[in-house]
Amino acid sequence: MPLTDARQLPRATYRVQLTPSHTFADLEERLPYLRALGISDLYLSPVFSAAPGSEHGYDVSDYTRINPELGGRAAFDRLCAAAHHAHLGLILDFVPNHMGIGGSTNAWWRDVLESGPRSAYATFFDIQWRRNADGRSRVLVPVLEGQFGRMLEEGRLVLSYADGFNVDYYDIRLPLNPATYPQILASLVNSAARASPMAALIAEFQALLPGNVPPEETNAAKWPAEVARLKQRLADLLQADPELQAQLAALLDRLNRPPRAELAALLEDQHYRLARWKTGMHEINYRRFFAINSLIGLHMEDPKVFQATHALLGQLIDAGCVDGLRIDHIDGLREPAQYLSRLQTLAAKEKARPFYVVVEKILNGGEQLPQRWQVHGTTGYEFISQLAGVLVDPANEPRFTAACQRFTGETSSYPDEVAQKKALVMRELFADVLDELGGQLAALVAEDLKWRDFTQHELTTALTALTAGLAVYRTYVSHDRGASAHDAERVRAACEQAIAREPRIDPQPLEFLRDLITGHYPPAAASREYRRRVREWVLTWQQYTGAVMAKSVEDTAFYTYVRFVGLNEVGCDPGVFGQPVAAFHEANRARLAAQPHSLLATSTHDTKMSEDVRARLYALSELPGEWEERIFRWRALGSAHTSIVERHEAPDPVDQYRLFQILLGAWPLDPGDAGPEFRERLRTHFRKAVSEAKRHTSDLNPNERYLAACDRYIDGIASPETGKEFLQEFLPFAQRLARAGCVNSLTQVILKATCPGVPDFYQGSETWDFSLVDPDNRRPVNFTLREQRLASLAKRNAEDLLHSWRDGGIKMWVMHTLLNFRFRHHGLFFEGSYEPLQAEGAFAEHIVAFVRRHVESSIVVILPRLSVVLGSPPIGPVWDDTRIILPGPTLEWRDLFTGKYYFTVGATSLRSLFARLPFAVLAPNA
């Protein structure tokens, strides 16, 4: 069962992106502000050493050090002490699935490159060692900008000496196999004066060759010490003889000059194969994070790997520095349940109470967290979907579908779009993985007389189709448990969909795969070893399905299925256009029962757009007629700024349709902010969007002409000089939508702060934030301005804040008021019940309301939804006869925001509740 208790539970978290320009010391200065805002816990991006200059920290290169670019251990300890002194907890974002191997800072990876399979860390990484014709294994290192031979010819690969021999490629330094040192050093024994010591050393290096090492000395434990000893002897010889140093320098110079044949031969003898970066898309032989070559998967299921990667984390927990963890990409782990169990053991200082842990996990289509997981919940993406359901008007789905089809000419349904993108992504980014898995399965089945006639091609084709049909990110078969009933149903559904979508495929291999994954194969008569190998194959497959889903959906289909991009968000289903209010209430009750301390997110570092951008687009869902009328005018006015690229309009109608929505969502409130900097942000976003769509260009194969055309289009329509007519048509509607979006944004904040769960706030989102997908949402936050705004709230009243809504003060005021109320009534929000309330009257369907109770505490939340028809803001008489019955036994309620009193005698009118503000949160008047 998911956990419902912890030694320390957060009341409200604040996500902070730490970077070399926003360090521990910088954050320490903001602690008083965050505490005054009502935050209980800082939720920090990864703090362990990462690749140099990393702006996110997910490319961890050393789990044994706090990132020196963030200030190092001393600054981290100061932050911990200061945070706890201010009564703020620390929740760390931890990355167990992969490590960063870009550059030259990962010592474990360098050791693997140097020593190959005999490295002490060779089993740490998820590498499928591939043998050369000579029987030696090599790992692919796809870091070159061009073909290996061309890079060699151009002198980009340089042999160097620094603490041993290396090959340098720009700032990347790769170590050479010590057993190949004799190929370099042999030229230095020509001088009789030095022949003896150097010859002896060369002989010892030669003894490192696999064929020269006695069996009793081949274990990895002895290898590092012997290599270190010999490298030190070489360094000592060079240090003692300047002439020898000069000879080595001359030798390196000769080897690095054309024709470089000796250098080429030397590099071919390494434990790695240097290759063009694109080669990694199809021939990589290590598990990556998604399709990123510089992020390599770890064997986290190995106890040695767990211990090595979590030793410092365990010390921080034991020391009381860390109060909770957010686990990144849990679906990438081979054994998630086992990992989470070990994590609780690591943190078992007080065994009676578990350590607070949430996981980054996308729940699709009613999916629930596996019962065995020892976690308190997720990072809250499903709450975004919940909000979209209640704030998007489902009645207008047909009109938006028709408008999109008419404008773009595209008629694919969302499920069809996902299926197409999965096929594309598997073909372009994961073909090597599927071929490898197909080959492994064919080798297994070859041992079974009943099924050995399945060919590798048949099995790979079936595996590709089944993976494409899987509606969830992954299943959770483990080494000691088969498929759960839910997993088995998902696999059966995927098989049925694959058969329906691919009628030309023989269904028998698909059905065989279904039975294998769900545990109906192999039969009971099979050997234990055979059953183990089949289970291991399933575990490997599961580690890739989440990556396929993420790259296909979040990073492709979200940019091609453009009917209504406010739904194209992490955790959401763009095919679901709004839901009944009852579904919103049911989701809250389910969370309260199963995961009451799960995070509630609205913006994160991974969302495709900020909560305030989506809030505007939710309002757009109420205006289908105006939307359809305007987009064709905007298209005509912008046509002068399109180009013809390869006989197609650029940007094409699909990209224009999506861009118009993005412009409405992100357009600045202050006209002075819509200048060159904003257009640069739009250009960057548009380039990313069309590249992720993979229709006219992609990161793999950039089409610079199309990208340049998109740049020109942005500048053409968004610049006052060239886009005057477009902006005259666009801005009035954008301004109207911004006002309506403000109401939706405030509704989101209040729901996040009062629904079951822990409200999570992304840095800067306490005021209006109209950011787009990263890197836009990782821009520096102006904390000084926010501190000033918070300090000014005491001097402002509700009317002033609503009238001056553009400055964002009202959003901060709402957040500040509710978080401080939560602080005083934490039992109400940790354990309080959740009961929906029903409105009555003409606009009852435009209300979402509920009451929460605990012992003597309670709170009533009454908010507008789908309120564009009522005006922006929807206050006062516009609510006509709409009313709500306040719950007893409380006799008198007080609005937390206006201070007005209400009584439970008869129905209370919304025109009274919303007389001054378009929302009401009531607490008993004590």
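User: Are Phe48 and Tyr63 buried or exposed?
Analyst: Phe48 and Tyr63 are both buried, that is, under 20% relative accessible area, where exposed is over 50% and partly exposed lies in between (1.4 Å probe, protein chains only). Please note that this is a predicted model, in which local features need pLDDT of at least 70, side-chain atom pairs count only at pLDDT 80 or more, and totals for chains, interfaces and linings use all residues. Residues are numbered from 1 along each chain as its sequence is written, and side-chain values use heavy atoms, with hydrogens and water left out.

User: How many aromatic pairs does the structure hold?
Analyst: There are 47 aromatic pairs in the structure. Rings of Phe, Tyr and Trp (its six-membered ring) pair if their centres lie within 6.5 Å; planes under 30 degrees apart are stacked, over 60 edge-to-face, and the rest tilted.

User: Why is the pair of Phe48 and Tyr63 called tilted?
Analyst: The ring planes of Phe48 and Tyr63 stand at 50 degrees, with the centres 6.4 Å apart, so the pair is tilted. Phe48 belongs to strand 3 (residues 48-50) and Tyr63 to strand 4 (residues 60-66), so the pair ties together parts that are 15 residues apart in sequence. Strands (E, at least two residues) and helices (H or I, at least four) are DSSP runs, numbered from the N terminus.

User: Which residues form one aromatic cluster?
Analyst: One aromatic cluster is formed by Phe407, Trp627, Phe632, Trp634, Tyr657, Phe660, Trp667, Phe678, Phe726, Phe730 and Phe733.

User: And charges? Which ring does the charged end of Arg15 sit over?
Analyst: The charged end of Arg15 sits over the ring of Tyr43, at 4.8 Å from its centre. The criterion is that NZ of Lys or CZ of Arg is within 6 Å of the ring centre and within 35 degrees of the ring normal. Arg616 likewise lies over the face of Phe770, 3.9 Å from the ring centre.

User: Which strands does strand 15 pair with, and in what sense?
Analyst: Strand 5 (residues 89-94) pairs with strand 15 in the parallel sense over 4 bridges; strands pair if DSSP finds at least two bridges between them. Within that pairing, Leu92 has Leu325 as its bridge partner. Strand 16 (residues 356-359) also runs parallel to strand 15, joined by 4 bridges, and Tyr356 in strand 16 stands opposite Gly324.

User: What is the order of the strands in the open sheet of 3 strands?
Analyst: The order is 23-26-29, with antiparallel pairing. Strand 23 (839-840) and strand 29 (907-909) are at the edges, and each has a single partner strand, so one side of each is left without a neighbour in the sheet. Strand 23 is joined to strand 26 (residues 883-885) by 2 bridges in the antiparallel sense. Ala839 stands opposite Ile884 in strand 26.

User: Last one: where is Pro924, and how accessible is the residue?
Analyst: Pro924 lies in strand 30 (residues 920-924). Its relative accessibility is 28%, so Pro924 counts as partly exposed. Between Pro924 and Thr904 there are 11 Å in space, C-alpha to C-alpha, and the two are 20 residues apart in sequence.
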